[in-house]
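Please have a look at the structure first, then read on.

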Amino acid sequence: MVSRRIFYFFLLTMQLCVHSVIASTTDNARLIGALPTLQDTTNLSVEEALRSTKFKTSTYAESQDFAKSAYWHKLSFPKLAPNALEKTLYLNLNYYVIEHLDFYLFYGDTLQEQWKKGALDNWQGDIEHYDGIWVPITLSTQEDTTLLIRKQGNSPLLTPFMIFDEQDSIKQKEQKLLFWTFIISSLSILLAHNIFVFILLRQPGFIYYLGLNIVILVALGVITGFNRWLFSEEISQWIIRNLFVLFGVAAWILFRFTLHFLKEVKVPSSKSILRKYGDVIFIAFLMSTQLTSVKTSAQLFATLEVFMFIICCYWGIKAYLKGFVAVRFYLFSWFFLLTGSILNTMIFWKMLPINVFTESIFPVSSILQLLGFSFAFADKAKQIEYNRQRQAITDLPTGLPNRTYYFDTLPQLLKSHDETSTLALIIIDISNYQTLSQALGPAKADAAICDVIQGIHQQTLDLKGLMSFPLPDQNTKKLIRLTTTSMVLISVSPETLHQQIKAIQAILDNPTLIDKTPFRHQYKIGSAMYPSQGSDLDKLYKNALIATHSVTYSSGNWAAFNDNLKSNHAHQLNLITLLTNDIEHEKLYFDIQPQVHLVNRDIIGGEVLIRWNNDLLGPVSPAEFIPLAEQTGLIYKLTDMLIEKVFKWVSEHPQVLATQCLSINISALDLLQEGFARRVIGSVSTHRLSAHRFTIEITETSVFNNNETVHNNVKLLHQAGFKLAIDDFGVGYSSMQNLVALETDELKIDQFFVMNLLNDAQSQTLCRSMIDLCDALEIASVAEGIESEGILQLLLQWNCQVGQGYHLYRPMSPVHYLELLAEKDPSLSAPTNRA
């Protein structure tokens, strides 16, 4: 900030210095008023013009406007006294866009010297020492001295001449040089500074801003005359011929830059006609400059300037009212730039005179524009930092506080809270997001969840006893969005927690319209007390989350944290730790439950069942540890370990597969792995086993969702010779669609239906229908849970092919399974060991 003030002070001092330099000009110059003027309609020669008697001062006024014909001006000086010293006067002109300008110096009737100083003329080598339009008039002691000036062009032929003596002309040239140097250096320094800031901030629209100021620099060069410092004569002349193309491009760049600068606050809106079709206006103007006269182009550009002034100011004010602080200096910059441009145009139309003051209006306004943007960029940097801080603690889709706010900002709020009072943390989790995503697609599902969360927040604003969360933009919220589907509220009156939960449940039970269809969300709510159940927000969140995960829809949507949940959660964590260790050390093993052909009671194979007997816990049920393995990702290592153990055991006892087929259970999540099938195929090949003797059983097939990875794995397994079965069909999430998608070879009817066949007519209907379905699809039907001879006979009547259950055989160790096979077939009693 200090450096900026010094910088601003430096520029202000420089401007005051230049102002004093320019002001001193009026003390040393003599402004020539209306000159004798002749309109040239017949293309007079210089001698004819000299002899003409039609020069009139009354014609001077019309010579200052747009004109098709040329004009002559005459300046006459009496001869000097014979003994007088040589005297030279210097004629100066500050208007630089007259296309053709010729000066002829006569002593009496004799032409002494001539100069070409027009914008489209060749200056005959004067460019190397260019210091403006200066014509030396050396007075004669023998005859009268006459200076004829011929001018012609499409732009206004403005010629306010000033006369200086030799000493004052030198001073004036030095002052002019100082003025140009100041303008160019100030513009260059400020432009370089703004470019540097732009690079640091990486602001959009930088190319437009850079282009605009380059065009301004070129335009200033033409208007103030220093373009011959910057460009070759050919380029300077091209610029003069296409001056209004240059101005039109500058206006268009300003328009485009404005759209980018105000983009963050959506000003103008995306529906604005000017935003959509504004470019057409500038294209039409640029085309008109090629089709119409310079005068018409000048009129159209004057209209365009006023239009840009109004629209830029309007958009700037609108953006400021939206809280975009950086627009303050944007307005400052464009006000001075456009005001300077309009005033400069008024010179073009003779509404303002050409003098040293009006000549400096546009250069100074350009400097102020650049200076303003230095501050505008600083403001925008602050705004960006503010937005960054706000975005860091805010969920962008909903505008609610986010996870960072919860863990970083909320602890500061709790410090200011009364330490003796009790709070309650409430977590709401929308649990059917995956279903919504499958139905609508991820984008619409996210939008729908955001709408639900916004609706919940709006209604919780009216609930009493909830903590408010202030945000940097002075808004307050009562809801924190922690994840895509979970939200947090804090009750400051836990004694009314039940009433608050009921109010929240009433909000959540209200269906949401998604694509004009009512959609009722499934949700879970967990709560934990502060500080008794969590002395900090991390522990509080963890305990409330434990409560949320313990919710079962049969017991309601809300669970409060208690010691039992804590113990259960600790038990699960302990299970995960022990399971991880035992998987690493391959301590899990498998049993085999024989499968029987129901017609002849022959053993045709067995189902491999994983078992875990931990040193500390003893036997742990698969129903307890397999879901944990799936939740934590341990299932992949578990499946790989089981398959490897089975293949290795079978390779050591090849007689097992001589007439048998083994079924191996895997998780549906395994098929979602990219290289699962290749690993299984590689393993069966390594052990030199036949894949045709193995069946892969899969449960929870709803997670497939037509997944390409699943289909690739299934295809590779089938090609290798493996059979695939859907386990526990009829319960859980298995579906008819997956019978086709998995190219199923076998369907296992869940024991839930089989065990109740004798006393449940509905189970009989469903079970018989599944067997008939297998017959129709020509796949094997396998019944699980056969507990009695009556159930077995009933299944035989319905033509069920294969069965397993305690009535037939209980699960047994691989050793006992081998003994059973040897008992049934003595030829298998002497197994060979290929290990």
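Predicted model: local features only at pLDDT ≥ 70, side-chain atom pairs only at ≥ 80, totals over all residues.

**Helices H8 and H11**

- The axes of H8 (residues 243–261) and H11 (residues 327–348) come within 13 Å and cross at roughly 165 degrees.
- Because angles over 145 degrees count as roughly antiparallel, that crossing makes H8 roughly antiparallel to H11.
- The crossing of the two helices is left-handed.
- On the H8 side, the contact is made by Phe 244, Leu 254, Phe 257, Thr 258 and Phe 261, and H11 brings Val 327, Tyr 330, Trp 334, Leu 338 and Phe 348.
- By class, this contact has nine nonpolar residues, one polar residue and no charged ones.

**The largest cavity**

- Its lining has 31 residues, with Ile 223, Phe 247, Ser 341, Asn 344 and Phe 362 nearest the centre.
- Helices H5, H8, H10, H11 and H12 each give two or more residues to this lining, and H11 gives the most, with seven.
- The lining comprises 24 nonpolar, five polar and two charged residues.

**The second largest cavity**

- This cavity holds about 110 Å³ of space.
- It is lined by 16 residues, and Tyr 96, Ala 119, Trp 123, Asn 227 and Arg 228 lie nearest its centre.
- The elements giving two or more residues here are H6 (227–230) and H7 (233–241).
- Ten of the lining residues are nonpolar, four are polar and two are charged.

Terms used. Residues numbered from 1 in each chain as written. Heavy atoms only, no water. Axes fitted to C-alpha atoms, helices over the stretch in contact; angles between N-to-C directions. Helix = DSSP H or I, 4+ residues; strand = E, 2+ residues; numbered from the N terminus. Parallel < 35°, antiparallel > 145°, perpendicular 65-115°, else oblique. Left-handed = near helix turned anticlockwise from the far one by under 90°. Contact = heavy atoms within 4.5 Å. Nonpolar A, V, L, I, M, F, W, Y, C, P; charged D, E, K, R; others polar. 1 Å grid on protein atoms, 1.4 Å probe; cavity = no way out; pocket = protein on both sides within 12 Å on 5 of 7 lines; lining within 4 Å. Points joined across faces, edges and corners; volume = space filled by probe spheres on them.
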